[in-house]
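Visitor: I'm new to this one. Can you walk me through what we have here?

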Amino acid sequence: MKVLIPGLLRSYTAGVDTVVLPDHVTLDAALRDLNARYPGLRFRVVDEQDAIRPHIKMFVDGELARRLDTQLAGSAELMIVGALSGG
Amino acid sequence: MAARKAPTVAAPKRTTLLIATRKGLWVLGSDAARRSWKLTGPQFLGHIVHHAVVDPRDDRKMLAAARTGHLGPTIFRSTDRGRTWKEASQPPAFEAGSGRTVDHSFWLAAGHASEPGVWYAGTSPQGLFRSTDSGASWTGVKGFNDHPQRKAWCGGDQDGTPDGPKLHSVLVDPRDPKHLYIGMSSGGVFESIDGGADWAPLNKGVKALFQPDPDPPYGHDPHCVRLHPRAPDRLYQQNHCGIYRIDRPADRWTDIGAAMPKSVGPIGFPMVLHPRDPDTVWVFPMDGSDVWPRISPGGKPAVYRSVNGGKTWQRQATGLPKSQAWWTVKRQAMTADQAPTVGVYFGTTSGEIWGSRDEGRSWKCLVRNLPHVYAVEAA
């Protein structure tokens, strides 16, 4: 699967804007894998109660995902973006 | 060779100010005379930096509490005086399943001198966290975060001040690492004598005019609480409802704001203590009348100093704008250095840094055009 990294998280990925991961069944699993590669990234976008932070949006194959148990189909594309908010 | 006699007066020392703003961190460094200043930065550009502090036990070490508008809260730490920074591997966070989330880490405080790796962080909403590895990882202080009375003391996580309810003013008694005080907006001042395992309110004598009961045991709004490092039984607080002093073991605060001029009033955010004289303090009044404009009263900013523990106050405004200056100073944005003639500094909501190298008698604008200043710390 492919993860599109927004500019606001590229300090974690050393500037890389697209990360290829093995396919994962859930959004949660994909984010944990991403965090293992780029420590600290997950907590910036997901809070301690496993909720996606209010000013972060995640799209799976173009569909807005609101929960971490969102199922991923095959080689999904995950797009993480900063919402049009945040100040 | 004859033994050299140690100087009796401390040599002039450069002052470094860490300036935490709504859009990043800047550092302002002086020459030995504190006449010439050089600004460097920004670091963490775009981050909301609520607090940045130098470790008083090892001045190579710094911590900064940051988040962005989009990204969650974290702590950055440096071991080379801010040249490089590393993110905490486990930033302050409430326990999974607790239903609570840290919006931002607000206040950073070094632990006791005998515990060199210990730090405390106060968060919004009110939470207390501790690190024993110089800020790399943080765990909740269960004695506070899980205290059965915590919700009664603090109210709900959505209650409180405009930027969110906060735990601030984490104070460690220099005589005893287990003796702690905290301030909460809202909640009040609380004390622990067992390293944070249990807490008791310490609010007698403090007004809470926004409550139905004007003298409740808790639920107050201290804006900034300070403990004097050389007289640790003396504490001061700038509160939402006045200025107070306490000399422990007394358990009742004395209202020292009543002596402020009526036209200025006793409301403000910061409280600054002289590093050596427990009777000398500075406050920065703001307009807390009618709808709480939270700006300098009348657009005429002024520092007020007391040299007698709050019995009387003197206006110190020489060099500050005489009119049409509608900024104020947040609770962490005013500080003092350790120089023989103490330097006092503050940062404004309009992005200016002002300094006095003569204990507040005269003021000079050191920097303009920064973002909204949240915190200024001297080292």
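This is a predicted model: local features need pLDDT of at least 70, side-chain atom pairs count only at pLDDT 80 or more; totals for chains, interfaces and linings use all residues.

Visitor: Start with chain A. How many helices and strands are there in chain A?

Guide: Chain A has two helices and five strands. From the N terminus, the order is β-β-α-α-β-β-β.

Visitor: What radius of gyration does chain A have, and what would a compact globule have?

Guide: Chain A has 12 Å. A compact globule with 87 residues would be near 12 Å, so the value agrees. Along the principal axes, the C-alpha atoms of chain A fill a box of roughly 35 × 25 × 25 Å.

Visitor: What share of chain A is buried?

Guide: Buried residues are 28% of the 87 in chain A.

Visitor: Which residues of helix 1 of chain A are buried?

Guide: Helix 1 covers residues 27-37, and its buried residues are A:Leu27, A:Ala30, A:Leu31 and A:Leu34. They span an arc of only 95° around the axis, so they sit on the same side of helix 1 of chain A.

Visitor: What do the buried residues of helix 1 of chain A pack against?

Guide: Helix 2 (41-45) of chain A, plus strand 1 (2-4), strand 2 (18-20), strand 3 (56-60), strand 4 (63-65) and strand 5 (77-82) of that chain.

Visitor: Now the interface. How many residues of chain B are in contact with chain A?

Guide: 14 residues of chain B are in contact with 16 residues of chain A. On the chain B side, five are nonpolar, eight polar and one charged.

Visitor: On to the cores. How many residues has the largest nonpolar core?

Guide: The largest nonpolar core has 98 residues. B:Ile19, B:Val49, B:Ala64 and B:Val376 have the most contacts inside it. A second, separate core of 23 residues includes A:Leu34, A:Ile56, A:Ala76 and B:Phe94.

Visitor: Back to B:Ala64. What is B:Ala64 in contact with?

Guide: Setting aside neighbours within four places in sequence, B:Ala64 contacts B:Ala20, B:Leu25, B:Phe44, B:Val49, B:Ala52 and B:Phe76.

Visitor: Tell me about B:Phe44. Where is B:Phe44 found?

Guide: B:Phe44 is in the loop between strand 3 and strand 4 (48-54) of chain B. Its phi is near 55°, a positive value in a residue other than glycine. B:Phe44 is buried, because 22 other C-beta atoms lie within 10 Å.

Visitor: And B:Arg294, what is its phi?

Guide: B:Arg294 has a positive phi of about 55°, although it is not a glycine. B:Arg294 sits in the loop between strand 21 (281-285) and strand 22 (303-306) of chain B. B:Arg294 is partly exposed, with 16 other C-beta atoms within 10 Å.

Visitor: Which residues does a cis peptide bond join?

Guide: One cis bond joins B:Gly41 and B:Pro42, with omega about 5°. B:Pro42 lies in strand 3 (residues 37-43) of chain B. Another joins B:Arg248 and B:Pro249, with omega about 15°. B:Pro249 lies in the loop between strand 18 (242-247) and strand 19 (254-255) of chain B.

Visitor: Let's do strands. How many bridges join strand 25 of chain B to strand 26 of chain B?

Guide: Four bridges join strand 25 (residues 344-347) of chain B to strand 26 of chain B, and the two run antiparallel. B:Gly347 has B:Ile353 as its bridge partner in strand 26 of chain B. Their hairpin has five residues between the strands, and B:Gly351 takes a positive phi near 85° there.

Visitor: What about the other pairing of strand 26 of chain B?

Guide: Strand 26 of chain B also pairs antiparallel with strand 27 (residues 364-367) of chain B, over three bridges. B:Gly355 stands opposite B:Lys364 in strand 27 of chain B.

Visitor: Which way do the residues of strand 26 of chain B point?

Guide: B:Ile353 and B:Gly355 point one way, B:Trp354 and B:Ser356 the other, and all are buried.

Visitor: Last one. Is B:Ser131 buried or exposed?

Guide: B:Ser131 counts as buried, because it has 24 C-beta neighbours inside 10 Å. B:Ser131 is found in strand 10 (residues 127-131) of chain B. Beyond four places in sequence, its contacts are B:Val118, B:Trp119, B:Ala136, B:Ser137 and B:Trp138.

Methods: Residues are numbered from 1 along each chain as its sequence is written. Chains are lettered from A and ligands numbered from 1 in the order in which they are written. A nonpolar core is a set of buried Ala, Val, Leu, Ile, Met, Phe, Trp, Tyr and Cys residues joined through C-beta atoms within 7 Å. A residue is buried if 20 or more other C-beta atoms lie within 10 Å of its own, exposed if 12 or fewer, and partly exposed in between; C-beta atoms are placed from the backbone. Two residues are in contact if their C-beta atoms, placed from the backbone, lie within 7 Å. Ala, Val, Leu, Ile, Met, Phe, Trp, Tyr, Cys and Pro count as nonpolar, Asp, Glu, Lys and Arg as charged, and the others, Gly among them, as polar. Two strands pair if DSSP finds at least two bridges between them. The radius of gyration is taken over C-alpha atoms; the globule rule is 2.2 Å times the number of residues to the power 0.38. The arc is that of the directions from the helix axis to the C-beta atoms.
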